[in-house]
Amino acid sequence: MEEKIRRELESIFGTERLYFLPEDVLPYGIDASRLEGFPGYVVFAEKAEEVVELFKLANSYGLPVYPRGAGSGMVGGAVPVERGVVLSLERMNRIISIDEKNMICEVEPGIVTGELQKQVASIGLFYPPDPSSLSFSTIGGNVATGAGGPRAVKYGVTRDYVMGIEAVAPSEGIIRTGSKAIKSVVGYDLTRLLVGSEGTLAVFTRILLRLLPAPDPPWAMLVAFPDANSAVNCVCSVLRAGLTPSAAEYMDRDILNAVAQYSDFCFAANVGSLLLFEVDDSMRFRKFIVDAIRQISIDHGAIEVQLATDEDEIEKLWNIRRSISPSLSRIRRGKINEDVAVPRQSIPELVSRVKEISKKFSIPIPVFGHAGDGNLHVNIMYDPADDGERKRAGQAVEELFYEVLRMGGTISGEHGVGIAKSPFITKELGPSVMELMWRIKLAFDPHNILNPGKMFIPNRAFLNVKKP
Ligand SMILES: Cc1cc2nc3c(=O)[nH]c(=O)nc-3n(C[C@H](O)[C@H](O)[C@H](O)COP(=O)(O)OP(=O)(O)OC[C@H]3O[C@@H](n4cnc5c(N)ncnc54)[C@H](O)[C@@H]3O)c2cc1C
């Protein structure tokens, strides 16, 4: 059987675009979550028709197919949980067209997000979604996870820029959703359904994206507060005043301690938290907006306000934010980075609950994130060699999710469910919604060959898959 499958894969992808030797397939068994799987084969698609052929084969053998962009996902979404075929889209990386007048572009899924941004910027256009992984993650992966980043506070997330998708569904072959029209209300909004579907419904082969005119180069403003509450209330007041920072990033004192310990930055003892604002409004109004944010910050008890207007100074301020991840990895080797989101006004409550959880389970939990969206990165640190600490980290995650849901929030604002969060998804959505989602899944993928083992918990009563 193995030999037969290999020959059939070879007839679709040729020998050069089919890997099966352990040393070749191994790197495709993991993603940034560090979860590991078993890629039997890796294939590199170059066109939608090859994906159609792959699904015919997969449906007839019941062979799992795992779509993969750059493998930078944080929840194991691209990890092959059973021996099957990893379908890499990395070679479908062309910009098919840029329609400057309508400010729309059509791309293949494997284009790296930062590369697309550079290309459209060269003609004065702007693709705003900015996951921190933009220098290596792909548009296909971003669309499949609904990725967001610091600019979401002003510009929204990937979902807000996807106008249409060409995709291959295991049940349907090639489908096209959406249109180039800005307004389009015909039929169910399948584009929105596909965005964030984490490679469980269909494989994207072309994506139609909305662009904006490029804004003026941004300025940055770092504001120090005595505590968490003042910082978060300040963000709420800034947004309530109708001001539009293009980022409003929060860092708590534990984060600052970690950064100070492992970099050249240092922070005065009375600083309880920092906010990093970015402002990219037109230069004509820029000064007015910056002054207004400064004043609101002072009204909320800001200890210090630092404005950066030239490129080097701006870089320096953003480097504080960028040095968080490397600094944290030196506190403990193990890190569970939860990307929970709550209504913005609940951030102070979340931050104080996190500190209680940290104390209760005796593990460090520094917090930073996108305060403007209520989306925080809660970093549960543990030593993987210490069984007790590892167990307590798991308990801390459960308690965190309980608190977040109690506040009306969500267990993931950015990274998605994948494998890592599948045990918790029913707690957020409830069994009826899960059943409905499963029926939708089966309409696209009746044999459950597409990215099985993700989102849905195996062996649930409703997982009633048709045998091929
Ligand atoms: C250092 C670092 C920083 C990060 N920062 C952010 C951040 O700021 N914001 C954020 O949202 N995320 C962030 N992430 C997570 C990750 O980069 C995103 O989830 C990203 O969107 C994944 O893209 P990818 O190309 O790597 O996809 P992969 O990891 O390869 O896949 C992710 C999911 O998409 C599916 N998929 C991929 N391509 C397709 C396709 N063509 N069709 C259908 N399904 C597909 C896969 O099956 C999988 O379920 C970060 C990760 C790292 C390592």
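The structure is a predicted model, in which local features need pLDDT of at least 70 and side-chain atom pairs count only at pLDDT 80 or more, while totals for chains, interfaces and linings use all residues. Residues are numbered from 1 along each chain as its sequence is written.

We can start with the overall layout. The protein is divided into domain 1 (2–88), domain 2 (95–213), domain 3 (219–326) and domain 4 (332–406), with bounds that come from an automatic or database domain assignment. The centres of domain 3 and domain 4, taken over C-alpha atoms, are separated by 22 Å. Their contact takes 18 residues from domain 3 and 13 residues from domain 4, two residues being in contact if their C-beta atoms, placed from the backbone, lie within 7 Å. On the domain 3 side, the elements giving two or more residues are α8 (228–240), β13 (247–252) and α9 (253–262); helices (H or I, at least four residues) and strands (E, at least two) are DSSP runs, numbered from the N terminus. Helix α8 gives the most to this side, with seven residues. By class, the domain 3 side divides into 14 nonpolar residues, one polar and three charged. Here Ala, Val, Leu, Ile, Met, Phe, Trp, Tyr, Cys and Pro count as nonpolar, Asp, Glu, Lys and Arg as charged, and the others, Gly among them, as polar.

Turning to the ligand, 34 residues surround it, and the closest are G69, G73, G77, G141 and G199; a residue is near a molecule if its C-beta atom, placed from the backbone, lies within 6 Å of it. Two or more shell residues come from each of β3 (65–68), α5 (139–145) and β10 (203–210). The largest share, five residues, comes from α5. The shell has 12 nonpolar, 18 polar and four charged residues. Because domain 1 (2–88) and domain 2 (95–213) both give residues to this shell, the ligand lies between them.

The interior comes next. In soluble globular proteins, nonpolar side chains tend to be buried together. The largest nonpolar core holds 66 residues, of which L275, F277 and I380 touch the most other members. Such a core is a set of buried Ala, Val, Leu, Ile, Met, Phe, Trp, Tyr and Cys residues joined through C-beta atoms within 7 Å. A residue is buried if 20 or more other C-beta atoms, placed from the backbone, lie within 10 Å of its own, exposed if 12 or fewer, and partly exposed in between. Strand β12 (residues 219–225) gives the most to this core, with seven residues. A second, separate core of 53 residues includes F55, V112, A169 and L450.

I175 sits in strand β9 (residues 173–178) and counts as partly exposed because it has 15 C-beta neighbours inside 10 Å. Leaving aside residues up to four places away in sequence, I175 touches A167, A169 and A202.

Most residues other than glycine have a negative phi. E198, however, has a phi near 55°; this residue lies in the loop between α7 (190–194) and β10, and its 21 C-beta neighbours inside 10 Å make it buried. M455, in the segment after α16 (431–444), likewise has a positive phi, of about 65°. With 23 C-beta neighbours inside 10 Å, M455 also counts as buried.
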